[in-house]
Amino acid sequence: MNLKYRKTIIAGNWKMNKTLSETKAFAEAIKPMMGKHKWCEVVLCVPAVNIPGAVKAFKDTRVAIGGENCHYEASGAFTGEVTVEMLKEVGAKYVIIGHSERRQYYNETDITVNKKTHAALAAGLRPIVCVGESLEQREMGVTEELIAYQVKMALSGLNEGQVRRVVIAYEPIWAIGTGKTATAQQAGEVCAHIRAIIRKEYGARVARAVTIQYGGSMNAKNAAELLAQPDIDGGLIGGASLKPEDFTTIINAANQD
Ligand code: PEP
């Protein structure tokens, strides 16, 4: 983390979990456990149907609500999809884009990730753009090239001001939901690499302002070590964000002010 130049963002990704009543119960459970978090933003990305209820349930907290996906078109015949304006109007502030599960199961590509990133920013939402390599790719030694390609594709066509608002989540696919966390050094190296790519493309001032998260089995035990890496500015957290105690332990690990 580097609190001088950028905010730490701890974001939960609830995926296809929790009904509205479970969302309300979670909000009540974490309220007394959360410390003040001036330099750490807290986000929960929840199923689209529960966004309005989540916004209401977390109203008295500093937890912002986000979507887990969006379409890049403004409207049209795309059964089952939601637009960025729909997310915005019901109170979402963030949206996850290009999660590896969307890339794997729903044909998300680097092109659609780029289009969605443009759409989210145009609507005033902060995109959390996920990038990451598979185990095979890591073992073949192409992690750096692959991440550079994914980052450049996601940010293509954005101006400097827009890039500053993008959150990049480095999520090695082999670490998501598997209990296998990247070591702090592995995660820190790739996050530093992402910052170097942004520095080369957009300059040092933009690069040091961008929040880069690590995601992949981050939990209450390993969060502090991962967050101590200078280029890891938060986490995108799946499983551990479903448990109030674990999620607040991670938030409080990021609360260094
Ligand atoms: C995720 O879904 O983005 C994720 C990192 O999941 P988990 O923390 O469960 O590995």
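How many nonpolar, polar and charged residues does the lining of the largest pocket have? By class, 8 are nonpolar, 5 polar and 5 charged; Ala, Val, Leu, Ile, Met, Phe, Trp, Tyr, Cys and Pro count as nonpolar, Asp, Glu, Lys and Arg as charged, and the others, Gly among them, as polar. The model is predicted: local features need pLDDT of at least 70, side-chain atom pairs count only at pLDDT 80 or more, and totals for chains, interfaces and linings use all residues. Residues are numbered from 1 along each chain as its sequence is written, and side-chain values use heavy atoms, with hydrogens and water left out.

**Pockets**

- A pocket is an open set of points on a 1 Å grid over the protein atoms alone, where a 1.4 Å probe fits, with protein on both sides within 12 Å along at least five of seven lines; lining residues have an atom within 4 Å of a point.
- The largest pocket is lined by 18 residues, and nearest its centre lie Lys15, Glu68, Asn69, Arg102 and Tyr106.
- Helix H4, residues 100–105, gives the most to this lining, with 3 residues; helices are DSSP runs (H or I, at least four residues) numbered from the N terminus.
- The second largest pocket has 20 lining residues, of which Ser217, Met218, Gly238, Gly239 and Ala240 lie nearest its centre.
- The lining of the second largest pocket has 6 nonpolar, 10 polar and 4 charged residues.

**Overall fold**

- The C-alpha atoms fill a box of roughly 45 × 45 × 35 Å along the principal axes.
- Of the 257 residues, 54% are buried, meaning under 20% relative accessible area (1.4 Å probe, protein chains only).

Conventions:
Helices (H or I, at least four residues) and strands (E, at least two) are DSSP runs, numbered from the N terminus. Buried means under 20% relative accessible area, exposed over 50%, partly exposed in between (1.4 Å probe, protein chains only).
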